[in-house]
Amino acid sequence: MTPESVQAMINQALLRNSTNGDGSHSSHGDNRRNVQTTRPCFYADFMKCQPLNFKGTEGVVGLTRWIERIESVFNISGCAIENQEVLKKKMTDKYCPQGEVKKLEIELWNLKVKGNDVPTYIKRFQELTLICTKFAANETNKVDKYISGLPDNIYGNVKYARPKTLDETIELTNDLMDQKLRTYAERQTDNKRKADDSS
């Protein structure tokens, strides 16, 4: 995206916001409430807020993280919501080709905990659900998809608990996995002690 194209998007949105849609300016002479108007958002103002760089090589997950972090810059610069949405859509269309998103949807569909590495699973699951909104349309879908990737030794316990939110499910998973690993370590210690005693 060039500075000129960003500026053109901003100017178009400002023009739409300053008119009633038919070219006539709205008059609020009899309205005594002080309504805060959105101040013009120009490229120079946006750049003064020092937005994070995005090179385009970071991939879909990098773009999603960049958009999350740029929200504060939008607020500081005073950009209208319409301008923000236009910029996000253009960036997504350019840097998130449908083929890439499809690959990530397949990865999310097949995502499972490898060994006992729940933290890596959690991190990747959260990254993928930011992009793959089809499988994670609401909180219930996210929870169900998350549980389906858990190892057999805790799957039943988490499913039976019927957690309502993803955060609650993640917390429960971490607690159960910690408990399982502690139990496993205690058994290993007991077995070693018994072997040492018998010898």
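**View 1. Glu 105 and Lys 102 both lie in helix α5 (residues 98-110), 3 residues apart, or about one turn of the helix.** Helices are DSSP runs of H or I with at least four residues, numbered from the N terminus. This is a predicted model, in which local features need pLDDT of at least 70 and side-chain atom pairs count only at pLDDT 80 or more, while totals for chains, interfaces and linings use all residues. Residues are numbered from 1 along each chain as its sequence is written, and side-chain values use heavy atoms, leaving out hydrogens and water. The two side chains meet in a salt bridge at 3.8 Å, N to O; the term denotes a side-chain nitrogen of Lys or Arg within 4 Å of a carboxyl oxygen of Asp or Glu. Glu 105 is buried, with a relative accessible area of 9%, whereas Lys 102 is partly exposed at 44% (buried: under 20% relative accessible area; exposed: over 50%; partly exposed: in between; 1.4 Å probe, protein chains only).

**View 2. Salt bridges that share partners join Glu 107, Arg 124 and Glu 127 into one network.** The side chains of Glu 107 and Arg 124 meet at 2.7 Å, N to O. Glu 107 lies in helix α5 and Arg 124 in helix α6 (residues 118-131), so this pair ties together parts 17 residues apart in sequence. Arg 124 also forms a salt bridge with Glu 127 (2.9 Å, N to O). Glu 127 counts as buried at 12% relative accessibility.

**View 3. Arg 162 lies in the loop between α8 (152-161) and α9 (166-198).** Its phi is near 50 degrees, a positive value in a residue other than glycine. Arg 162 counts as exposed, at 65% relative accessibility.

Technical notes:
Helix = DSSP H or I, 4+ residues; strand = E, 2+ residues; numbered from the N terminus.
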